[in-house]
Amino acid sequence: MSAVLSNQPAAVTPQRSRGVWYASWRRLKADKLGMFAMVVVALSLLLVVAAGLGLVAGDWQKETGVPNAPPNFVGPAPAESAGAIVQPKGPNVDLSDIDPLAPKYAEWTEKAKQYKTDEAPRAETLPFGGDRLGRDVLAKAIKGAEISIMVGVLAALVATLIGTVLGALSGFYGGKVGDFLEWVYNVFTAMPNILLIFAFAVVFGRGVLPVVMILGLAGWTGIYRLVRAEFMKHSVREYVRSAEAIGASKSSRMFKHILPNVSHVALVQLSLHVVGFIKSEVILSYLGLGVSVDQVSWGTMLAEAQSELILGYWWQLAAVTGFMAVFVTAFALFTDALRDALDPKLRGLE
Amino acid sequence: MLLSIQDLKVAFRMGKVDGVMQRQLAVKGVSFDIPENGTVALVGESGSGKSVTAMSILNLLPDNAERTGAILFQGRDLLKTSLRELQSVRGREIACVFQDPMSSLNPVFPVADQIMEPLIKHLGMSKRQALVRAEELLNEVGIPDPKRRLKSYPHEMSGGQQQRVMIAVALACSPKLLIADEPTTALDVTIQRQVMELLARLKESHKMSMLFISHDLGVVGEIADQVVVMRHGEIREKAPVADIFHHPQDAYTKALLACRPSLTENPARLMVIDDHIAGRSASDRTGKAKDPAAPVILEVKGLKKSFFFKSGLFSKTEFKAVKGVDFQLRKGHTLGVVGESGSGKTTMGLTLLRLHEPTGGEVLFEGQDLLKMNGPDWQKMRRRIQVVFQNPYASLNPRFTIAQTLLEPMEIHGIGKNHDERLATASALLKKVGLDESALHKYPHEFSGGQRQRIAIARCLTLQPEVLVLDEAVSALDVSVQAQVLNLLKDLQDEFGLSYIFISHDLAVVKFISDEVLVMQHGDVVEQADARALLAAPKQEYTKRLLGAVPRGYQGQEPAASVA
């Protein structure tokens with residue numbers, strides 16, 4: 001054995017080895033824009049969690065300002081000339097003789113005193129303006145971010161899960177299983193996407209979870225095809241053959257051996273779909289198929305903003321668009337950076 | 001002097017670390033000349049910088065390469081020429097043939113278009129003229145029925161024919177220099193022989209020079225006038241071919257010459273590079289004598305495997321890949337299986353392991369038919385018959401550490417009581433194959449090809465198998481690494497009494513390791529005999545042809561000067 005041993009490097013320091021994921025992370029760290037996008041995404045997610053726990057924007061439903069209060073930086077709306085109905089001049093006519101309710105007035109006034117509530121002073125302006133009920137747009141947008149981002153992420157998870165599992169089965173087994181799944185895929189893609197979504201919406205009804213299911217069930221097809229192609233490619237690779245030769249079971253070969261090698265595809269698709277589904281949720285809610293009326297999402301805010309815009313109240317639209325643009329752009333940039341970092345084709349450049 | 005390379009250095013930028021650009025020097029100051037009408041061979045292992053040197057002539061290097069020095073082609077410095085000027089040289093005056101013809105030809109164009117492109121671009125021929133010339137060229141490189149073949153697509157041709165087309169493309173403009181980068185490495189021995197003869201003939205008839213790159217001194221010895229031996233980006237020796245073969249000066253050259261198994265000698269072990277450089281002798285161990293009466297461990301009777309292709313809506317066509325193979329394998333013996341690609345040897349090996357489901361026949365392992373076993377029995381039997389694949393870069397899961405790779409089979413088969421015990425077994429086996437424990441936490445991409453193949457062997461050994469199918473296990477490795485792995489296989493056989501089925505296209509390697517040899521062609525066994533007997537007196541025409549195709553290195557006389 002001396003001959004074989006002799007060309008080994010002497011005493012390699014037994015350091016924990018750097019795996020493929022570590023290399024990817026190092027590449028990601030080198031990408032400044034990607035890292036910046038990641039920080040923005042992380043902060044947004046933190047905000048979502050905080051909103052979910054009620055730490056911020058818990059009181060979004062409180063009507064803190066005057067209806068359609070403009071933003072602070074615009075200043076209070078000019079006092080409207082409340083001259084819609086001209087006050088009648090001259091003394092009031094005493095009707096108590098013929099008013100059948102007149103004896104009760106004093107009693108009612110007494111009773112009303114028991115229920116007397118303080119009319120909280122409403123702010124003339126709010127940091128980002130108020131909606132038609134005087135609710136703070138900023139709080140609404142934050143609370144809306146919670147729903148929208150949660151829907152986007154959960155729906156993308158559902159779609160990726162369905163797409164990956166079906167793609168793995170189809171690509172690995174091929175044959176009859178593959179044909180059947182291809183048929184399912186064809187049925188799904190043959191229908192216009194929006195019709196499919198409507199159909200699911202009818203079945204599931206309204207609410208956060210239904211929206212997640214609708215988007216997830218309608219959106220897995222692209223991921224399925226990509227994962228299937230990867231599994232077809234990998235299932236005949238020698239390392240999978242070797243695993244078969246040592247007696248590894250089919251599920252072990254599929255999910256323990258192949259999946260980690262194609263996971264970058266699923267991961268990149270996951271983040272791409274998050275962006276897509278956030279936009280889809282907005283459209284669904286805008287069309288009235290989204291979250292229920294007592295919740296707020298970016299989509300419902302946009303739907304409200306449509307009628308407000310005609311009256312010149314632009315701030316709700318601006319706030320939602322701003323939030324959405326920042327998050328979606330950051331997430332898309334982060335996805336790009338992630339793909340660059342994970343793409344094995346770029347691995348040669350190390 | 002046609003081409004003169006002077007103190008060429010090539011460095012690759014490897015990206016910034018802490019703001020400092022990292023550079024890796026791949027070629028560390030190389031100088032040699034290519035005379036007119038001569039063949040210079042660059043020889044070295046992978047990573048020696050031989051391809052980088054050749055590719056820097058035409059600047060076919062990746063963007064992150066930096067070249068310094070001088071490359072004078074007919075007095076012009078190619079390092080200083082503009083890209084436009086360089087493009088007029090590429091293909092016109094200096095042409096290239098690459099290693100893998102399957103990926104060098106564009107699959108969506110018929111070969112005619114690919115041959116005509118340089119003719120139209122560089123020589124300004126009309127389409128009609130170019131087509132006529134293309135046909136002449138195909139004829140010249142020995143493709144039968146060239147008129148019809150012009151319309152073929154690359155996938156309709158065999159590997160050898162594709163390489164001929166590549167050579168025709170390269171020759172199209174009658175270049176003064178042909179750079180052939182491992183042009184025969186991806187081909188079978190018989191095809192390799194034909195392509196080498198073709199290249200030699202064309203070099204004569206076209207009066208051109210050739211820069212021939214190879215890792216195999218055996219191949220180089222047959223074609224080159226001058227040999228440049230490279231290692232780690234430096235030239236170790238440059239000399240006329242006769243001197244290299246008869247009076248090698250450098251220890252590394254000597255080692256390269258010694259480590260290749262030959263058809264004529266019969267050592268128990270092969271020399272490896274480090275042995276040679278350290279001046280040790282390889283034959284310090286003699287292999288155990290084989291027991292000719294050892295019990296038969298594996299008996300194969302009429303093994304058949306067909307593949308079915310859909311043709312039309314309902315019918316299928318049958319392709320018989322293996323048409324009935326019989327053999328016996330004795331314990332501790334090695335059965336070599338030789339044949340060209342497409343002979344069914346690999347299919348046969350994989351069918352034994354049921355990685356392909358067989359169509360017919362019996363495989364008796366100590367009397368039990370492997371092919372009829374049901375799930376649990378087969379799972380138990382799997383331990384006893386294992387496989388090592390050709391490509392060590394593909395056969396290890398890139399996302400598993402070596403520890404995971406080695407532990408998995410033991411976990412599946414419940415070998416060893418607990419994790420620690422298995423880990424101990426794994427590190428013991430790693431030592432056995434010549435790696436140390438620090439390898440356990442590394443990933444496959446951190447190892448060289450030879451090391452990976454040893455890990456793959458160690459993985460098989462974790463199951464304590466009795467039969468090992470080695471499917472071209474050393475074909476993808478450099479000759480020097482090949483020697484190490486072959487020695488390792490012999491040692492393991494002596495130690496554990498393993499039986500091997502050694503599948504290879506290289507007769508010299510098969511002869512070194514095998515006791516018995518099976519020659520396959522088109523799915524049939526054409527000859528089966530004792531290894532020594534078969535090589536000494538092959539009976540079949542096909543075996544003779546295979547034997548004749550093995551590169552033998554320089555066969556000429558010693559140079560006159562040194563004789564005197």
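What percentage of the 350 residues in chain A is buried? The share comes to 36%, with a residue called buried if 20 or more other C-beta atoms, placed from the backbone, lie within 10 Å of its own. The model is a predicted one, where local features need pLDDT of at least 70, side-chain atom pairs count only at pLDDT 80 or more, and totals for chains, interfaces and linings use all residues. Residues are numbered from 1 along each chain as its sequence is written, while chains are lettered from A and ligands numbered from 1 in the order in which they are written.

Chain A has 13 helices and 0 strands; helices are DSSP runs of H or I with at least four residues, strands runs of E with at least two, numbered from the N terminus.

Helix α5 (residues 137-173) of chain A packs against helix α13 (residues 315-342) of chain A at about 40 degrees, with the axes 10 Å apart. Axes here are lines fitted to C-alpha atoms over the stretch in contact, and angles run from 0 to 180 degrees between N-to-C directions. The pair α5(A) and α13(A) is therefore oblique, the label left over once angles under 35 degrees (roughly parallel), over 145 (roughly antiparallel) and 65 to 115 (roughly perpendicular) are taken out.

Then there's helix α12 (residues 298-310) of chain A, which packs with α5(A) at about 130 degrees, the axes being 7 Å apart. That makes α5(A) oblique to α12(A) as well. On the α5(A) side, A:Lys140, A:Ala141, A:Gly144, A:Ala145 and A:Ser148 meet A:Trp298, A:Gly299 and A:Met301 of α12(A), contact being C-beta atoms, placed from the backbone, within 7 Å.

Definitions and conventions:
A residue is buried if 20 or more other C-beta atoms lie within 10 Å of its own, exposed if 12 or fewer, and partly exposed in between; C-beta atoms are placed from the backbone. Two residues are in contact if their C-beta atoms, placed from the backbone, lie within 7 Å.
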